[in-house]
Amino acid sequence: MAQYARGSAVAVIRLRNPPVNALSRAVLQALEDGLKKADADPSVKAVMICGENGKFSAGADIRGFSAPKRLGGALGPVVSLIESSEKPVVAAIEGVALGGGLEVALGCHYRIAHVKARMGLPEVTLGLLPGAEGTQRLPRLIGVPAALDMITTGKHIPATEALKLGLVDEIVEENTIEAAIRLANKVIGQPLGPRRLSLKPVPKVPNMEAFLDEALAKVKRQARGCLAPELCFQAVRAATQSPFADGVRRERELFQVLLSSGQAQALQYAFFAERAVRRWATPGGASWSSAAPQPVRRAAVIGLGTMGRGIVTSLVKANIPLVALEQDLENLNKGRKAVMFLLEREAMKMEGGAQVLDFHNPARLQFTVDFDLLRDVDLVIEAVFENMALKKEIFHKLSKICKPGALLCTNTSALNIDEIASATNRPQQVIGTHFFSPAHVMRLLEIIYGRHTSPTAIATAMQLATALKKVGVVVGNCFGFVGNRMMFPYVQQAVFLLEEGSRPDAVDQALEDFGFKIGPFRMSDLAGLDVGWRSRKDQGLTGPSLPAGTPARQRRGQRYSPLPDLLCEHGRFGQKTGKGWYLYEKAGGRTATPDPWLLNFLSQYRDTHGIQTRFIDQEEILERCLFSLINEGFAILAEGIASGPEHLDVIYINGYGWPKHRGGPMFYASTVGLPRVLAKLQKYSEAHPDVPGLQPSAFLKKLAAVGNPPLKEWMSYLSQQSSKL
Ligand code: 3H9
């Protein structure tokens, strides 16, 4: 609600809807009532609008967009009403003024902000545009280039930058409300015309059309299939071409297009899913509501390879003092140099730079080869390479050296947490923390609890994720956990498609057109084909331990493709060797071009194995890769490895480049319709009976049979008994 109060000549309207003062219908109604009351009261000479609890407003109530009586059209007229007031209206911005919240402030005649406040129009990130006249007012206030940047990226800007842009009139370090009331009193009686943004012309940019064309090209390049950025652009362009009222009409039309697009629903689902996964729970009954984290005052990272370096950088950025350990001086020096390089680069991006990060101070970042220095740390993250024997040796050592309460984390992408924990005397304090490369950039942290992991350990790892500004997702222990386990059948299908007649660039293109940042073959070249090769050799799927007489394209009774192994045998490890699924300009090069050698190799391979080459269309590429990944997701849910489809979706959006505007794989399945996903899997499974990944999971079949219920009801169809945990 909005609370109206009158003190002296300034009426105060306080937006009140905890926790972020979202503008629900009720809040808007109360705001409108407050404005009318102030208008009608002759003793009121000015109005001040602020928010409850140190926050102005986070914008329209996102849940309201799916309500039967949609919020959409209600906010713009209220903003107009503010602007047309004959009494000056001052916005006192504390905390955040985002989306519709900032649009309310733009309707006010004056804006004053606390120095720590943040402002932005993040609608684009929810698949929308600022639909309360923000696309028309902002360019009039701060100019087209800055407005386009804010509106098409959705970035939040600090008050200091807002002041430089002219978005606010003043910033204060002390009491914003008092300062706003002082300002309101000061401006009583001054002409309001120049303060009404709708009456201002849009500032001219030399060669506006050329500027806009270039800006549009940039927006399209970055949008990768997402509609909202381009429609945001169109709304701002309308401001440059038409009078205010026509621009508002155009904004409303475009807003409606976005509102009814599936993309807005997917992005809003993703927003809430990211918040829902914070409320973790395990099948054993542990949950976020009852578990308390332990403080982490000092941490340690073991192993300064690619992952360890990123993890150290992340911890330093989170202001957590730490010890970085390597096995010998040579590796330590190499690792230290690489870490320092990363930190210098990160510092350059920050205000205050190296001083803020303080990484030259040994009390905050200490490099060592001495395990004894790990005695008093609260948390250790082991990040050595994926080798069970080595990890167990390290954990055995840690359990002897570290203090009793220390949490022992292993950064692994697939290994069994319980087996690692068995090497210690404290399995309840062992947990998997699967970082994604580069670890100081990627937002996802998969947190894997083992059979004995305590709720405190899970809560501490989740708290660490928050401190590192990452999205922590708690999952159970199985080979590949959630992310990589779902990735296996996807990559497997991609390779099978090559065997059957497709090309790496055709498969990649189909998936990149779908919205993935990078297709599976480009990804494999980037990560290095040798990584998977080593793992397959360890599993006895290829290499010297493969029993003589094993059929080339079959393992353990299932279809197997030796193509990636053959490429490795030819020294084609991907970018690092200058050739893999593609050809690169040089070893370490990044520009992938289709390689005639590979196409010839594929055709010989098909001849050798009697495979008839056929044309595979985009639809089949997408369905086989995506539906097999989704199918594995249903198996994971049925096994209780993740507590809901949102977990899988958050993992895929934040760790695997899944296009956010498609809401994650499980959300995508719900939009395709489960009966259709099932029918397609059945079709492909009949055509490829030796591929278990295509056989529809029992849970998917059940959900399709009960009538394709909405995603939020899926888990209620799982009986307790079906959980393997
Ligand atoms: C808009 O304004 C459209 C208009 O242009 C035009 C209309 C015509 N609505 O993130 P947190 C909830 S579109 C409803 O955990 P933080 C959130 O779900 C809107 N609920 O805290 C969570 O609930 P729960 C444009 C909202 O401190 C709780 O508040 N605005 C909204 O890390 C706390 O949130 C945006 O896109 C909302 N608008 O971050 C801003 N916002 O506790 C979206 C939050 O049950 N919001 N909630 O899980 C944010 O970016 C962050 O929430 C914010 C706080 C930075 C504000």
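Reply: The account below begins with the ligand and then turns to helices and loops.

The model is predicted, so local features need pLDDT of at least 70 and side-chain atom pairs count only at pLDDT 80 or more, whereas totals for chains, interfaces and linings use all residues. Residues are numbered from 1 along each chain as its sequence is written, and side-chain values use heavy atoms, with hydrogens and water left out.

There are 29 residues around the ligand; a residue is counted as near if one of its heavy atoms lies within 4 Å of the molecule. Those that come nearest are E103, E123, R275, R278 and R279. By class, this shell holds 16 nonpolar, five polar and eight charged residues. Here Ala, Val, Leu, Ile, Met, Phe, Trp, Tyr, Cys and Pro count as nonpolar, Asp, Glu, Lys and Arg as charged, and the others, Gly among them, as polar.

For A58, a backbone N or O atom lies 2.8 Å from a nitrogen atom of the ligand. For I62, a backbone N or O atom is 2.9 Å from a nitrogen atom of the ligand. E103 instead uses its side chain, with a polar atom 2.6 Å from an oxygen atom of the ligand. On its own the ligand has 1000 Å² of accessible area, and the protein covers 80% of it; such areas come from the Shrake-Rupley method with a 1.4 Å probe, and for residues only the protein chains shown count as cover.

Which elements give two or more residues to the shell around the ligand? They are α3 (100-107) and α11 (262-276), and α11 supplies the largest share, three residues. Helices (H or I, at least four residues) and strands (E, at least two) are DSSP runs, numbered from the N terminus.

Elsewhere, helices pack against one another. Two packed helices are described by the angle between their axes and the distance between the axes. Axes are lines fitted to C-alpha atoms, for helices over the stretch in contact, and angles run from 0 to 180 degrees between N-to-C directions. Helix α5 (residues 144-153) packs with helix α9 (residues 228-241) at about 155 degrees, their axes 9 Å apart. The two are therefore roughly antiparallel; angles under 35 degrees count as roughly parallel, over 145 as roughly antiparallel, 65 to 115 as roughly perpendicular and the rest as oblique. Helix α8 (residues 208-223) also meets α9, with axes that come within 9 Å and cross at roughly 165 degrees, so α8 and α9 are roughly antiparallel to each other.

The bond from P18 to P19 is cis, with omega near 5 degrees, and P19 is in the loop between β2 (10-15) and α1 (25-40). Another cis bond joins S437 and P438, with omega about -10 degrees; P438 is in the loop between β15 (430-435) and β16 (444-449).

How values were computed. A polar contact is a pair of N or O atoms within 3.5 Å; within protein, one must be able to donate a hydrogen and the other to accept it, and residues adjacent in sequence count only if both atoms are side-chain atoms.
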